[in-house]
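Thanks, everyone. Let me put the model up, and then I'll walk through the packing.

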Amino acid sequence: MRIGKRLFPYPILNSEKIYSQYKDSVFALQYDEEISDDKQYYLLNNLHCELDNQMLIDLINTDRAEIVCVIECPSTMYRKSHVLPLHPINMQIPLADLNNKVNVSAFVVAKEDIDNYHSDDFSDVYGDISFSIEKHDILAADDGYVNNVDFNDLDDNKQASIFIVIKDKSITNGTMQVEYDSEKITISLPEEQWNMYDKTKRIPKYESLYFSIIAVPALCYALSCLQKNDLAVDILRIDYKWFNSFAAAYKNFHGDELTDDAFIKMNTNLEAQMILGSPVASAVDEIFGFTIGISGGDEYVD
Amino acid sequence: MLINVKMMTEEAFATLQKNYKDVYEQIKNHPSDSTWLEGYLGFNPYETKKYLIEDFELGDNEDYNAVAFENGVLLYESIKDLPRYIICNNRFWAWVTFEKAYKQAQHAMKLTRPELVNTFWLTTNSRRSLMLGVISRSFFRTEISVDESMSDKYALTRRIVEGYRGIEMYRALTYRNIGMLKPVSLAFIQSIADANEKYGDAPLGKEQLRETMKDASRIGSVMLIDDMSKDEIYEILYRKLEKRLTEGFLNEEV
């Protein structure tokens, strides 16, 4: 749940200083996220809210207000709220109930109607004014964080490919078409060529060849499109699962995290080849070896 | 008998989406079962998952309204304990639709043009698309309306499936994200149902449904609606709805 710039008819303490109607007080959601060792739970460890406004602390301690943490995952329609104590706790959520973006936010909420609501730390513009608060009114808010939970079925137990290759009967001009969405890069081939591809894709000696003519240009195209979006790498990693896998492979290959600057300056053609194991040279080697193998070298021309 | 749930494979799903005009023709030419799928694709369309459910067989009737409520409840009872990752996955619903409810899907919504295949049989993974899918809607319509606190926990489900303006009520809940909160959906259905019982059909137009849903959103603009009970939300929604209805009557009389 996002509060963002929303205006309230009374002052609220917002974690974003520019939207807060308090002078100095702080309300900040904090936790360490991780996946449990048995891969069954999404863990929010040391979950708590930093709060230094005594008036709000007193309301919580006297049971007139409470801290509520809202956890939501749009793609699984999961949305649950939990009352938090003032001290840190650990929380676990079944991993299979989450997928993709997970938003964790926190609020201080009135548990009853409160008259004469006033804090000495209200912005100066409010002076000595006090307010009438109704039960369930939001008194403090932290929109929190959007995290990416990439749930992988345990029974699959393998790394999912970032590509899908399918047939498209409507392609009649012999071209290969590439699209991408939040999950995968989809490569469409004419039906006849897809049938041939499907029968030969598991033959090891064709692997580099297929990577060179299908996967490299597809990844290069998709990366080039994202470069033009001018979005931060962190956002792209949340929005596109295949890009998140690419960024992880980039780190494995180069030893450094993929930064915004590195991505903008990236030669996508070269990077796609490197991340996919430089298949072009291997493909040429395979074609050469295959040709020599079937012709005894008669077709080799220097 | 327990069965493993399945999902349509990513390749199968993407292929059918891309070639939806073919799929439309195939369904028209093979209305009784989907055994054509494997031949069309050239590979097994489904992958088996580890999760087990009690096997189910949905009722079928050319007048689908005659079986819609019972099918929704049966589907809900059969799969409600599956992880959300499965329940909110369009490839799971593609398996249910093509394999478990192939004929029912054709009766639930007449396939009058190819585009409907992609819109309602091969939905996206968005909340709205899943909630409107030709078979998935039966599940979600039940899920948002089952009220464990009532003596007949499916009373509101029956109301939204078979009652006056039920389709519009469900659509209103589908179109607003706040409709995914169970206390909101229950309070919304209950308030409309109670107003309908007290004031009859005539004053309860689409506009009143939209306004009532907007009222729910307005509650969430200042209050933390996640923290509110069905009864608290109902009290606000019904009071505002009744006020609009009675003021409407007064205006007409004037």
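A term before we start: a crossing is left-handed if the near helix is turned anticlockwise from the far one by less than a right angle, and right-handed if clockwise. Helices (H or I, at least four residues) and strands (E, at least two) are DSSP runs, numbered from the N terminus.

Some housekeeping. This is a predicted model: local features need pLDDT of at least 70, side-chain atom pairs count only at pLDDT 80 or more, and totals for chains, interfaces and linings use all residues. Residues are numbered from 1 along each chain as its sequence is written, while chains are lettered from A and ligands numbered from 1 in the order in which they are written.

Two strands pair if DSSP finds at least two bridges between them. In chain A, five strands make an open sheet with mixed pairing, ordered E1-E10-E7-E4-E5. Strand E1 (13–14) and E5 of chain A are at the edges with a single partner strand each, so one side of each has no neighbour in the sheet. E7(A) runs antiparallel to strand E10 (residues 138–149) of chain A, joined by nine bridges. Phe107(A) has Ala141(A) in E10(A) as its bridge partner.

What lies across this sheet? Helix H1 (residues 54–61) of chain A lies across E1, E4, E7 and E10 of chain A, at about 90° to E4(A).

There is a hairpin too. Strand E2 (residues 27–35) and strand E3 (residues 41–51) of chain A are antiparallel, with eight bridges. Ala28(A) sits opposite Glu50(A) in E3(A). The hairpin of E2(A) and E3(A) has five residues between the strands, and Lys39(A) takes a positive phi near 60°.

On to helix pairs. Two packed helices are described by the angle between their axes and the distance between the axes. Axes are lines fitted to C-alpha atoms, for helices over the stretch in contact, and angles run from 0 to 180 degrees between N-to-C directions. Under 35 degrees counts as roughly parallel, over 145 as roughly antiparallel, 65 to 115 as roughly perpendicular, and the rest as oblique.

In chain A, the axes of helix H3 (residues 207–229) and helix H7 (residues 268–275) come within 8 Å and cross at roughly 130°. That makes H3(A) oblique to H7(A). The crossing is right-handed. Residues are in contact if their C-beta atoms, placed from the backbone, lie within 7 Å. H3(A) brings residues including Val216(A), Leu219(A) and Leu223(A), and H7(A) brings Ala272(A) among them.

Over to chain B. The axes of helix H12 (residues 166–175) and H14(B) come within 10 Å and cross at roughly 30°. H12(B) and H14(B) are therefore roughly parallel. H12(B) passes H14(B) in a right-handed crossing. Glu168(B), Met169(B) and Ala172(B) of H12(B) meet Lys206(B), Leu209(B), Arg210(B) and Met213(B) of H14(B).

The axes of helix H13 (residues 182–199) and helix H14 (residues 206–222) of chain B come within 11 Å and cross at roughly 145°. This crossing of H13(B) and H14(B) is right-handed as well.

Last, the interface. How many residues does each chain give to the contact? Chain A gives 34 residues and chain B gives 25 residues.

Terms used
Two residues are in contact if their C-beta atoms, placed from the backbone, lie within 7 Å.
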